[in-house]
Amino acid sequence: MFLNKDLFIEQLFALIAEAKKELVLVVPYVKTSKEVFKALQEASKRGVEVLMVCREDCVKGKELDKLQRLEHLTILAHPNLHSKIYLNEQHIIVGSMNLYEYSELFNREAGIMIQRNG
C-alpha cells in the first residue's frame with residue numbers, strides 16, 4: 001500500500017498500537033512528538049520490546065532522557081544510517097519519514113506498507 005504523509009502517520013500509529021511482542025524502529029533522526037512518545041509508552045506498558053536503531057549521537061539530551069523512561073527500549077547506533085524502516089510482527093513500513101516531530105508537521109513524506117501473509 002502506498003502511503004502519503006497522512007497515511008504514513010496513521011499507519012505508523014497503527015503499527016505501534018498493534019505491536020504485540022516487538023517493535024523495530026530504524027530511523028536516523030529521533031525527536032518524538034508528544035503523540036508518538038505516548039504511543040511508545042503504551043507499547044512499553046504492554047510489554048512490547050522496542051528496538052530503536054538510529055544514527056550515532058542522534059538521540060541526546062532531553063530526548064534521550066525521555067526515551068530512557070521506556071521500560072522495554074533498546075537503542076543502538078550506527079554511524080552512517082539513512083534508512084527509515086518501521087516494523088512489528090505483521091507490518092513493515094519503509095519510507096522517507098524520520099521519527100521527528102518536524103517531519104510529521106512540515107515535510108512531504110511518502111512510503112509503502114507491506115503486510116505479512118499468514
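**Note on side-chain contacts**

1. Lys-45 is exposed, at 66% relative accessible area. The model in question is a predicted one. Lys-45 forms a salt bridge with Glu-42, and their closest N and O atoms are 3.7 Å apart. Glu-42 is partly exposed, with a relative accessible area of 36%. The two residues, Lys-45 and Glu-42, are 3 residues apart in helix 2 (residues 34-45), so about one helical turn separates them.

2. The structure holds 2 salt bridges. Besides the pair in helix 2, there is a salt bridge between the side chains of Glu-63 and Lys-66, at 3.3 Å from N to O. Glu-63 and Lys-66 are also 3 residues apart, in helix 3 (residues 61-67), which means a separation of about one helical turn. Both Glu-63 and Lys-66 are buried.

3. Lys-66 has a further contact: its charged end sits over the ring of Phe-37, 5.2 Å from the ring centre.

4. There are 2 aromatic pairs in the structure. Phe-8 and Tyr-86 are edge-to-face, because their ring planes stand at 85°, with the ring centres 5.9 Å apart. This pair links distant parts of the chain: Phe-8 belongs to helix 1 (residues 5-18) and Tyr-86 to strand 6 (residues 85-87), 78 residues apart. Phe-8 is buried, at 0% relative accessibility, and Tyr-86 is buried with a relative accessible area of 0%.

5. The rings of Tyr-102 and Phe-106 have centres 4.9 Å apart and planes at 45°, so this pair is tilted. Both residues, Tyr-102 and Phe-106, lie in helix 4 (residues 101-106), 4 residues or about one turn of the helix apart. Tyr-102 is partly exposed at 47% relative accessibility, while Phe-106 is exposed at 56%.

Conventions. Residues are numbered from 1 along each chain as its sequence is written. This is a predicted model: local features need pLDDT of at least 70, side-chain atom pairs count only at pLDDT 80 or more; totals for chains, interfaces and linings use all residues. Side-chain values use heavy atoms; hydrogens and water are left out. A salt bridge is a side-chain nitrogen of Lys or Arg within 4 Å of a carboxyl oxygen of Asp or Glu. Buried means under 20% relative accessible area, exposed over 50%, partly exposed in between (1.4 Å probe, protein chains only). Rings of Phe, Tyr and Trp (its six-membered ring) pair if their centres lie within 6.5 Å; planes under 30 degrees apart count as stacked, over 60 as edge-to-face and the rest as tilted. A charge sits over a ring if NZ of Lys or CZ of Arg is within 6 Å of the ring centre and within 35 degrees of the ring normal.
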